[in-house]
Amino acid sequence: MNSPAPEVFRTPDARFENLPGYDFTPHYLEVDGLRMHYLDEGPMDGSPVVCFHGEPSWAFLYRKMLPPLVAAGRRVIVPDYAGFGRSDKPTDRRWYSFDRHSELVAKVLGALELEQATVVVQDWGGPIGLRWAVEHEPQVGALMVMNTGLFTGRVSKGFMAWRNFAEKNPDLPVGFVIQSATTTELPDEIVAAYDAPFPTPESKAGAAQFPLLVPIEEDAPGAARMLEITDQLSRWNKPALVAFSDSDPVFPYPKSGELFCQLIPTAGEQVRIEGAAHFLQEDRGEQLAAELLSRLN
């Protein structure tokens with residue numbers, strides 16, 4: 001029996017007009033009663049790059065990586081999860097789960113019939129994107145893993161500080177959070193662009209709930225599935241690139257990246273992204289695109 005459609009907030013389109021550096025055409029797909037948004041830039045026959053965002057960001061985070069990837073002939077797809085960006089936002093925090101996020105984004109990508117996709121992940125994009133990669137392995141050609149983890153019950157002190165902050169501030173100051181986790185001093189209009197999808201407290205239900213979905217105990221929801229994903233990645237035989245920044249307290253360098261280098265047989269040595277914090281796409285987006293193009297041909 002299908003559950004009833006949730007109450008949703010749909011951010012007005014006017015909130016997304018004239019965002020700096022973000023002149024991309026929105027694409028929408030109706031999934032399980034929700035309007036899901038994704039970017040789809042570059043030639044349709046180009047080798048696909050699928051970028052998975054994290055918390056509390058949205059597709060805007062990848063705007064610096066998009067132009068050089070498209071210029072190189074890649075087709076770049078960036079989905080917004082339910083509760084984020086231009087996608088519909090269920091207002092009941094209890095609605096959100098790792099499984100539901102994963103299922104919805106899989107349905108969006110399933111409609112695009114991708115082949116030999118390079119999967120790019122960061123933050124919560126790691127669990128969601130790597131799950132999609134191992135569950136749809138025939139459609140995936142390579143992985144790029146950045147500032148993320150597979151949450152099986154152990155987390156860093158930096159993460160717990162963030163979780164405690166989010167728990168105490170359900171009306172999450174999204175732009176402030178992004179600014180506090182970059183090394184770049186963001187102009188006011190960039191901070192406002194990160195805030196654009198979230199004009200009201202009810203629009204932030206997904207962003208407020210995401211930190212609480214991270215399993216901090218081994219028997220917490222999601223931990224078992226992430227352990228299975230870890231096991232599947234230990235047998236990954238396609239190209240993989242691990243690139244972590246050197247100034248991220250949530251996923252400290254070098255240990256966090258080394259875990260993936262040791263796990264994924266094809267990863268090789270970790271690439272250090274210097275002078276970047278947690279949201280390394282904001283700090284070093286063009287460099288990340290260049291690393292992808294040079295190392296994952």
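Biologist: Let's start with R272: what is its relative accessible area?

Modeller: Bear in mind this is a predicted model, where local features need pLDDT of at least 70, side-chain atom pairs count only at pLDDT 80 or more, and totals for chains, interfaces and linings use all residues. Residues are numbered from 1 along each chain as its sequence is written, and side-chain values use heavy atoms, with hydrogens and water left out. Buried means under 20% relative accessible area, exposed over 50%, and partly exposed in between (1.4 Å probe, protein chains only). R272 is partly exposed, at 43%.

Biologist: Which residue forms a salt bridge with R272?

Modeller: A salt bridge here is a side-chain nitrogen of Lys or Arg within 4 Å of a carboxyl oxygen of Asp or Glu, and helices (H or I, at least four residues) and strands (E, at least two) are DSSP runs numbered from the N terminus. R272 and D246 have their closest N and O atoms 3.2 Å apart. That pair joins distant parts of the chain, 26 residues apart: R272 sits in strand β10 (residues 271-273), and in the loop between β9 (240-245) and α9 (255-263) sits D246.

Biologist: And R225, is it buried or exposed?

Modeller: R225 makes a salt bridge with E228 (3.0 Å, N to O), and both lie in helix α8 (residues 223-233), 3 residues apart, about one turn of the helix. E228 is partly exposed at 43%. R225 comes out at 17%, so it counts as buried.

Biologist: How many salt bridges does the structure hold?

Modeller: D99, R131, E135, R225 and E228 are linked in a network of them. D231 and R235 also pair up, at 3.0 Å, N to O. For the structure, the count is 18.
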